[in-house]
Amino acid sequence: MNNHSLRFVVMGDLHYVQEQSHREALSGRVKGVTEFADVTRNLWLTRNVTPEVIAAIASLKPDFVIQTGDIIQGHCDDEESGLREMKEAMELLEGLKAPVFFALGTHDGVVGKREERQVKQFVYPAIGKSLGTGPLTKGYYTFEKSGSLFIVLDYTTFVKHNDQAEFIRDTFAESGRYDHVFLFAHPPLFCVGRPFFTHFDFVQTVLAQAADYPVDAYFCGHTHNQISTLHKVGEHWLPQLKSSVLGYPDRPPVHLSDVRAVLPDPAGMEYGWGYLEDSAPGWWEITVRGERVQADWHVLRQGVQGQLCWSRGEKAVFTKMPAFGKTSGLPLPPASEIRGVRLRAAGSNCKTPNGYRVTLNGRDIGALPRLEYFDSRQFMEIEPEFWPLLNNENAISVTTEAEPMCIGGFVLEVETAGGWIRSTVSDYFANTGKWDHWGKHPVEKISEGTTAQVHLRFV
Ligand SMILES: [Fe+2]
């Protein structure tokens with residue numbers, strides 16, 4: 001082991017939006033249920049938050065930056081629009097004043113499938129420039145800095161047993177001769193907040209290697225949550241450090257566990273912290289000094305909020321925890337203080353017109369909106385006439401429809417002048433075997449058309 005030192009930054013999903021590239025979505029002609037909200041929100045963040053994030057990271061003067069995919073919003077009106085959006089994003093990232101590497105996300109375009117010119121014309125050359133080579137010809141690569149190995153993978157083109165799978169096996173087999181090994185790709189290896197929201201074959205392939213050849217840390221994005229967790233892989237503990245620079249700096253960060261069931265088996269996981277997407281825009285600053293590594297989680301305008309440290313081969317220790325307040329485990333406020341009530345839910349393929357009917361403590365209170373992508377930002381407003389039904393213990397029933405779906409993450413949210421107060425969160429229900437190959441997972445199987453019953457508690 002040498003005394004090499006190194007400092008780099010990892011930033012997650014950026015979703016840069018070029019307004020004229022999304023005229024279709026912005027005029028209401030959308031391709032998906034969340035597209036209008038996504039483009040509108042990310043346009044606002046592009047203008048009002050991203051420049052500040054880039055300036056803040058540049059002020060740290062890192063040796064280099066790695067962005068873990070979804071550089072742009074993508075899915076633009078046409079090919080030229082997509083190229084324009086990616087070109088502008090690359091110009092913006094020059095403000096980091098450091099070499100930038102990328103792990104591709106699905107919004108960036110997929111070589112061999114769609115919108116590949118965005119990648120070939122802008123991303124591959126940008127990575128090549130940072131590597132000091134010509135443009136890359138593929139999205140997975142390695143580089144070495146100060147005795148550490150950096151492995152960057154491209155899940156957008158990953159297929160079981162393809163060239164990249166071989167590259168992963170060969171690269172891990174050689175990784176033992178480096179002081180540290182840092183791994184990067186877009187999707188999580190472990191779903192913490194959004195069930196199944198990753199690439200099964202990619203995950204299995206990478207974890208099989210990581211079990212034999214330990215990795216210092218895995219960095220990813222994709223869900224836009226900010227999560228720091230340790231996971232048992234073989235005989236080792238692997239930190240999975242997830243981030244996104246998307247988020248509203250002025251909003252109180254929302255604890256992930258306040259609004260989502262935390263999915264992995266606790267026996268194989270150590271949970272540092274987690275915050276829901278849209279809050280706490282942040283990034284990682286990693287400092288390597290010899291065999292020691294320090295990972296600092298920065299939040300825009302709030303400095304370093306969390307930290308973990310480790311030595312190569314040892315389990316990481318959380319040395320600083322964020323101090324943001326929780327919104328659950330509190331009593332139901334008096335009726336006079338309630339300003340709004342809603343039921344948050346997440347799901348996939350819950351698309352029956354008019355939605356799934358919901359009862360609260362025995363009374364029909366309306367229908368859920370269409371739920372897709374396990375998005376956590378969907379909810380139904382509960383009208384004031386139903387607020388007197390609320391208790392500290394609440395029975396919720398949801399009549400599901402005969403379509404292959406997963407639904408859950410139900411949480412009652414009560415708004416007061418002092419902010420939100422939330423109930424406990426439910427697990428998930430699935431009426432299909434679509435995800436059975438994942439094995440043990442906190443999803444209760446139900447038959448088609450069943451009424452799902454959950455109990456949500458305050459206090
Ligand atoms: Fe994303």
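Reader: Before we start, what makes a residue buried or exposed here?
Author: A residue is buried if 20 or more other C-beta atoms lie within 10 Å of its own, exposed if 12 or fewer do, and partly exposed in between, with C-beta atoms placed from the backbone. The structure is a predicted model, in which local features need pLDDT of at least 70, side-chain atom pairs count only at pLDDT 80 or more, and totals for chains, interfaces and linings use all residues. Residues are numbered from 1 along each chain as its sequence is written.

Reader: How much of the protein is buried?
Author: Of the 459 residues in the protein, 46% are buried.

Reader: And how many helices and strands are there?
Author: The protein has eight helices and 24 strands. These are DSSP runs numbered from the N terminus, helices being H or I with at least four residues and strands E with at least two.

Reader: Why is it called as compact as a globular protein of that length?
Author: The radius of gyration is 22 Å, close to the 23 Å that the globule rule gives for 459 residues, so the protein is as compact as a globular protein of that length. The radius is taken over C-alpha atoms, and the rule is 2.2 Å times the number of residues to the power 0.38.

Reader: Let us turn to helix 3. Which of its residues are buried?
Author: In helix 3 (residues 50–59), the buried residues are Thr50, Val53, Ile54 and Ile57. They cover an arc of only 95 degrees around the axis, which puts them on the same side of helix 3. The arc is that of the directions from the helix axis to the C-beta atoms.

Reader: What does the face turned away from the buried side carry?
Author: That face of helix 3 carries the exposed residues Pro51, Ala55 and Ser59.

Reader: What do the buried residues pack against?
Author: The buried residues of helix 3 pack against several elements, among them strand 1 (5–11), helix 2 (35–48) and strand 11 (282–289). Contact requires the C-beta atoms of two residues, placed from the backbone, to lie within 7 Å.

Reader: What comes just after helix 3?
Author: Lys61 lies there, with a positive phi of about 50 degrees.

Reader: Changing topic, in what order do the strands of the open sheet run?
Author: The order is 17-16-19-24, with antiparallel pairing. Strand 17 (363–367) and strand 24 (451–457) are at the edges with a single partner strand each, so one side of each is left without a neighbour in the sheet. Two strands pair if DSSP finds at least two bridges between them.

Reader: How many bridges join strand 16 and strand 19?
Author: Strand 16 (residues 357–360) and strand 19 (residues 393–399) pair over three bridges. Val358 has Val398 in strand 19 as its bridge partner.
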